[in-house]
Amino acid sequence: MKPSLLLLSHLCLFSLMPPSWASDSAQGASSLTCWYDSRAALFCDWDPGRDLAEAPCQLEISSKKGFCDRCLYPSPEKRKKHCKLPKAEHMTGLRRCIKTFNQNVNNQCFTISDRLNLSVHCRTGENKTKIPEQIKNFNPFANIKLRPPGDLQLVNITENTSNLTWSLNISSHYLDGRREYQVRFRHVSQSWECYLGTFSQLPKMAQVSGGTDQ
């Protein structure tokens with residue numbers, strides 16, 4: 001029989017990007033992985049292994065063009081930014097940092113043509129620095145991970161149909177018309193299932209019906 005959405009107690013909404021815009025191919029098999037939120041922030045995860053799990057380390061981000069406060073010939077200090085890497089998380093073993101390049105998180109800091117060099121720098125002894133991982137020629141727009149939509153709500157619920165509404169979080173104007181959304185829903189007693197279909201170019205609302213026959 002068809003389950004009613006009235007019985008659903010868990011809902012998730014994802015922002016999706018077409019494969020040509022969301023790719024990890026530029027990062028290869030590196031233990032350092034970074035994503036761009038398409039506006040002013042870079043999210044990076046680094047697997048340090050056991051030796052550097054607690055060493056004082058930071059991520060260095062360099063750009064020939066500078067960052068948000070661009071000028072024609074940026075000084076050397078404006079071509080580099082740093083992000084402290086906290087100690088490894090107990091559950092994942094990863095060291096994570098979020099680098100926001102402008103106080104206005106909705107500011108457009110990179111374009112499709114930008115390329116960055118990323119490197120991890122660790123102090124391993126007196127006046128000794130180790131660079132255990134780096135990514136050269138990193139393309140932010142080839143490695144986008146959007147912030148998830150917020151304020152997800154079910155409204156106007158009927159027997160078999162519900163309207164979903166949500167608010168958009170930060171996203172670049174370069175992506176207008178390219179965003180898609182996917183709804184996942186499940187009954188309490190069932191595993192996660194993806195709703196069949198994505199909602200493209202629907203900024204704030206979609207309609208879904210009850211799940212498939214069981």
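Student: How many nonpolar, polar and charged residues does the lining of the second largest pocket have?

Tutor: The model is a predicted one. Its second largest pocket holds about 160 Å³ of space. Residues that line this pocket include Glu 54, Pro 56, Gln 58, Lys 84, Arg 95 and His 121. Sorted by class, the lining has 5 nonpolar, 2 polar and 5 charged residues.

Student: Which elements give two or more residues to the lining of the second largest pocket?

Tutor: Among the lining residues are Cys 57, Gln 58, Lys 84, Leu 85, His 121 and Arg 123. The elements that give two or more residues to this lining are strand 4 (57-62), strand 5 (80-85) and strand 7 (116-125).

Student: Which residue of strand 5 stands opposite Glu 60?

Tutor: Strand 4 and strand 5 are joined by 6 bridges in the antiparallel sense. Opposite Glu 60, the residue in strand 5 is His 82.

Student: Why is one side of strand 2 and of strand 6 left without a neighbour in the sheet?

Tutor: These strands belong to an open sheet of 3 strands in the order 2-3-6, with antiparallel pairing. Strand 2 (32-36) and strand 6 stand at its edges, so one side of each lacks a neighbour in the sheet; the reason is that each has a single partner strand.

Student: How many bridges join strand 3 to strand 6?

Tutor: Strand 3 (residues 41-46) and strand 6 run antiparallel. The number of bridges joining strand 3 to strand 6 is 6.

Student: Which residue in strand 3 is the bridge partner of Trp 35?

Tutor: Strand 2 and strand 3 pair in the antiparallel sense, with 5 bridges between them. In strand 3, the bridge partner of Trp 35 is Phe 43.

Student: Is Ser 38 buried or exposed?

Tutor: Ser 38 lies in the loop between strand 2 and strand 3. Its phi is near 80 degrees, a positive value in a residue other than glycine. The cut-off for a buried residue is under 20% relative accessible area. Since its relative accessibility is 0%, Ser 38 counts as buried.

Student: What is the phi of Asn 137 near?

Tutor: Most residues other than glycine have a negative phi. Asn 137 is found in strand 8 (residues 128-138). Its phi is positive, although the residue is not glycine, and is near 60 degrees.

Student: What percentage of the residues in the protein is buried?

Tutor: The protein has 0 helices and 14 strands. Of its contacts with a separation of 6 or more, 64% are between residues 24 or more positions apart. Among the 214 residues in the protein, the buried share is 39%.

Definitions and conventions
Residues are numbered from 1 along each chain as its sequence is written. This is a predicted model: local features need pLDDT of at least 70, side-chain atom pairs count only at pLDDT 80 or more; totals for chains, interfaces and linings use all residues. Side-chain values use heavy atoms; hydrogens and water are left out. On a 1 Å grid over the protein atoms alone, a cavity is a set of points where a 1.4 Å probe fits but cannot get out, and a pocket is an open set with protein on both sides within 12 Å along at least five of seven lines; lining residues have an atom within 4 Å of a point. Grid points are joined across faces, edges and corners, and a volume is the space filled by probe spheres set on the points. Helices (H or I, at least four residues) and strands (E, at least two) are DSSP runs, numbered from the N terminus. Ala, Val, Leu, Ile, Met, Phe, Trp, Tyr, Cys and Pro count as nonpolar, Asp, Glu, Lys and Arg as charged, and the others, Gly among them, as polar. Two strands pair if DSSP finds at least two bridges between them. Buried means under 20% relative accessible area, exposed over 50%, partly exposed in between (1.4 Å probe, protein chains only). Contact means heavy atoms within 4.5 Å.
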